Amino acid sequence: MSSEKPRSGSRRPRRKIPVARLSDFPAGTRMEVSVGSVQIAVFNVEGDFFALFGRCPHQSAPLSRGRLQGTVICNADTCWETEWAHEGEVLVCPGHGMEYDIRSGKAFGYDLRLRTYEVSVEDGQVFIVM
Amino acid sequence: MANEGQPVTVQRVEPSLNPVQDEDLDQYGEELSGLTIVDVDVHVDDTLMFMLDYMEGHFRKRMETVLQADFKGEPGNSLRNMIAHIAWLGSSYDKPPRAKLATKEDLLARMEKGIIDYSILFPSELLPIGYLPEPEWAAALATAYNQYMVDAYKNLEGVKIAIVVAPQQPARAALEIDRHAGHPDVVSVCIPDAGVNPPIGDEKYWPIFEAAARHDLPISFHGIEALIHDNYPLRVAHFHTLMQVNSMGFPFTSMLQIMSVVCAGIPVRFPNLKFAILEAGLTWMPFIMYRLDAAYLRYRTELPALEKKPSEYIRDWYIGTHELEALPRRGDLAKLIDLYQGRDTTMWASDWPHLERDLIAGFMRYEMDDALRRKILGENALRFFGLTARK
């Protein structure tokens, strides 16, 4: 992917975008947030919130519509055996199935990481911080 | 990055279970409005049950038997699904939503968005027709499919049909072409890539080309995965995963068909006949063109019918963009097209609604001049299929 320029100092004021009341955003649901032309997918996975860039870099399919499931892994930690892992934490693009770790935005099998956003909950209100 | 002034919208959404939806068309609706858009590879639900009423005699009885088979809830009796389930059991563990079959209503809803001017319908179920072992069965299925399609999809705004032929019975294939060529909604003859043995340039198939040329109906070769068969040209005997079948099988079969047609001198014998290749990507086009040119220097006397270099025939072939390879840089697609001289022959194709369909966003992200984009999105396809611009 194109390299992002380091944001020198990043002094720009951060903006908090209200997403939903906590009571309207229960576990197992997701929200599609558009800020200008930027789309962000926000998930509540068993009480933990995750916000990621919402367009798949492959062909721009909306990641907010992706299913959450597990995937197969095979690495030194598994002694190079293929195992099913990360159940419920792999976001699968609804377009063609690219898989992302919902915690980090890292794509499985690609040297690629989706931008992630901080999510805060204050006074029963869920925000993303940009 | 977020300015205070930027509008914010929040919407609760559900996981998408149906790739028939194509929000990407909406996303680019404004940018595409006013342009002629032809989607040259579209599929609708054509599973065997729709053909039952068009089968005759003992073939109808056999079809009834096939339709009684229950393959774990897969939509009735899909020949392709049966094969795929057995051979590649859960190979992709249902990773993306399974390709849903598009109903006529799905197709019409997509057309009603007003973005796509023409959808060209190609067979799904009968793409493996080339490797059905019984020629009569294959031909009967092709006849049933063609009649079903012209009955069910005629007189729809912007919907056109490619009939399919069973290469196993060339004389009967020619009759199919004669029967349907005059239909105003029939715009091409589809010959599936896989399982055609001997290769499609062989003299035994010439009645098919003669008939198509007689009616000025272009030929479209459509890629199909090998699934279980291990016959010509590069079949599953060589591949152990579906990814390998998909990646190599489609372009290799396409290249072999092109090579076979050109080396048999068919473009010389039928100079007005137009050819297209669908669902095999694009990047191999320069390879087959210029590789053959290099060999032509040494082996020209084997091909005495040719009047010019192989590449000068192949550059006249039309080619659908699906399955567009993942070219890494935005300028790469235009460079590639330049390399195979394809400005006037490359046609946008989505393969909607199949699993591996290309979203239009995947094409729009590539940089090119406006004239080239217009040609690819519609103008070239209008010429190939003999259609009139609707906008």
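Modeller: Start with how angles are read. They run from 0 to 180 degrees between N-to-C directions, with axes fitted to C-alpha atoms. Note that this is a predicted model.

Colleague: Why are H6(B) and H7(B) called roughly parallel to each other?

Modeller: The axes of helix H6 (residues 135–152) of chain B and helix H7 (residues 170–180) of chain B cross at roughly 10°. Angles under 35 degrees count as roughly parallel. H6(B) and H7(B) therefore get that label. Their axes also come within 10 Å.

Colleague: Which residues in H6(B) meet H7(B)?

Modeller: Among them are Glu136(B), Ala139(B), Thr143(B) and Val150(B). On the H7(B) side stand Arg172(B), Glu176(B), Arg179(B) and His180(B). The residues of this contact divide into 4 nonpolar, 4 polar and 4 charged.

Colleague: Now chain A. What makes S5 and S7 edge strands?

Modeller: The open sheet has the order S5-S6-S7 in chain A, with antiparallel pairing. Strand S5 (67–73) and strand S7 (99–101) each pair on one side only. Neighbouring strands are turned by 60° against each other on average, direction ignored.

Colleague: How do you know that S5(A) and S6(A) pair?

Modeller: Pairing needs at least two bridges. S5(A) and strand S6 (residues 83–92) of chain A have 6, in the antiparallel sense. Gln69(A) stands opposite Val90(A) in S6(A).

Colleague: Where in chain B is the pLDDT below 50?

Modeller: Chain B averages 87, and 86% of the residues score at least 70. Residues 72–76 of chain B fall below 50, with 6 contacts beyond near neighbours in sequence. Residues 93–97 of chain B are also below 50, but with 24 such contacts in the model.

Conventions. Residues are numbered from 1 along each chain as its sequence is written. Chains are lettered from A and ligands numbered from 1 in the order in which they are written. This is a predicted model: local features need pLDDT of at least 70, side-chain atom pairs count only at pLDDT 80 or more; totals for chains, interfaces and linings use all residues. Side-chain values use heavy atoms; hydrogens and water are left out. Helices (H or I, at least four residues) and strands (E, at least two) are DSSP runs, numbered from the N terminus. Angles under 35 degrees count as roughly parallel, over 145 as roughly antiparallel, 65 to 115 as roughly perpendicular and the rest as oblique. Contact means heavy atoms within 4.5 Å. Ala, Val, Leu, Ile, Met, Phe, Trp, Tyr, Cys and Pro count as nonpolar, Asp, Glu, Lys and Arg as charged, and the others, Gly among them, as polar. pLDDT is the predictor's confidence in each residue, from 0 to 100.
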